[in-house]
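Here's a quick briefing for anyone meeting this structure for the first time. Take a look at the sequence and the model, then read on.

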Amino acid sequence: FPSHDIGRELDNYIFLNEEQFFKKMKNGDFAEFTQYNGNFYAMPKYPMKKEQPLCVILEPVGRQQIEKLWTDEGRDYVTIFLAISEEEQEKRLGRR
């Protein structure tokens, strides 16, 4: 879990401790979640109103989770996959 202030909101991020995160995950509060570099990241369901268009950028596992959620909800969606080279992936990961 990031070592930021727990509960602090920063640039569209809310930092939770491990107990808070797993409680929300168990309760189904997240539209998608993943683990990267030892940290957990998730997108809450609450900003996703069915009647409003929404654009999200996700990695493949998150996309699969969102597609399942929206299919189960009967929501229309379009996915676009943008492939990048392995070299570009390594450069981007190095900047994180």
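**A first look**

In strand E4, Phe30 has Pro44 as its bridge partner. This is a predicted model, where local features need pLDDT of at least 70, side-chain atom pairs count only at pLDDT 80 or more, and totals for chains, interfaces and linings use all residues. Residues are numbered from 1 along each chain as its sequence is written, and side-chain values use heavy atoms, with hydrogens and water left out.

**Overall layout**

- The protein chain has three helices and four strands; here helices (H or I, at least four residues) and strands (E, at least two) are DSSP runs, numbered from the N terminus.
- Going along the sequence, the pattern of the protein chain reads β-β-α-β-β-α-α.
- Of the 96 residues in the protein chain, 16% are buried. Buried means under 20% relative accessible area, exposed means over 50%, and partly exposed is in between (1.4 Å probe, protein chains only).

- Strand E3 (residues 30–36) pairs with strand E4 (residues 39–44) in the antiparallel sense, over six bridges. Two strands count as paired if DSSP finds at least two bridges between them.
- Besides the Phe30 and Pro44 pair, Glu32 stands opposite Met43 in E4.
- The hairpin has two residues between the strands, and Asn37 takes a positive phi near 55° there.
- Ala42 sits in strand E4 and is partly exposed, because its relative accessible area is 31%.
- Ala42 and Ala31 are 11 residues apart in sequence, and their C-alpha atoms are 7.4 Å apart in space.
- In a regular strand, side chains alternate between the two faces of the sheet.

**Salt bridges**

- How many salt bridges does a search of the whole structure find? The search finds three, a salt bridge being a side-chain nitrogen of Lys or Arg within 4 Å of a carboxyl oxygen of Asp or Glu.
- Side chains of opposite charge can pair when their charged atoms come close.
- Glu67 bridges to Arg63, with the closest N and O atoms 2.9 Å apart. Both lie in helix H2, four residues apart, or about one turn of the helix. Glu67 is buried because its relative accessible area is 18%, while Arg63, at 28%, is partly exposed.
- Asp72 and Lys68 meet through their side chains in a salt bridge at 2.7 Å, N to O. These two are also in helix H2, four residues apart, about one turn of the helix. Asp72 is exposed, with a relative accessible area of 57%, and Lys68 counts as exposed at 54%.
- Glu88 and Lys91 form a salt bridge at 3.4 Å, N to O. They are three residues apart in helix H3, so about one helical turn separates them. Glu88 is partly exposed at 21% relative accessibility, and Lys91 is partly exposed with a relative accessible area of 44%.

**The second largest pocket**

- Rolling a probe the size of a water molecule over the atoms shows where empty space is left.
- The second largest pocket has a volume of about 170 Å³. On a 1 Å grid over the protein atoms alone, a pocket is an open set of points with protein on both sides within 12 Å along at least five of seven lines, and lining residues have an atom within 4 Å of a point. Grid points are joined across faces, edges and corners, and the volume is the space filled by probe spheres set on the points.
- Its lining residues include Met25, Gly28, Phe30, Ala31, Lys45, Lys68, Leu69 and Asp72.
- E3 and H2 each supply at least two residues of that lining.
- Leu69 lies in helix H2 and counts as buried, because its relative accessibility is 15%.
- Leu69 and Lys45 are 24 residues apart in sequence and 9.7 Å apart in space, C-alpha to C-alpha.

**A nonpolar surface patch**

- Val78, Ile80 and Leu82 make a nonpolar surface patch of about 410 Å². Patches are made of residues with over 30% relative accessible area and no salt bridge, with like charges joined within 9 Å and nonpolar side chains (Val, Leu, Ile, Met, Phe, Trp, Tyr) within 5 Å. Accessible areas come from the Shrake-Rupley method with a 1.4 Å probe, and for residues only the protein chains shown count as cover.
- Val78 is in the loop between helix H2 (60–72) and helix H3 (86–95).
- Is Val78 buried or exposed? Val78 counts as exposed, because its relative accessibility is 73%.

Methods
On a 1 Å grid over the protein atoms alone, a cavity is a set of points where a 1.4 Å probe fits but cannot get out, and a pocket is an open set with protein on both sides within 12 Å along at least five of seven lines; lining residues have an atom within 4 Å of a point.
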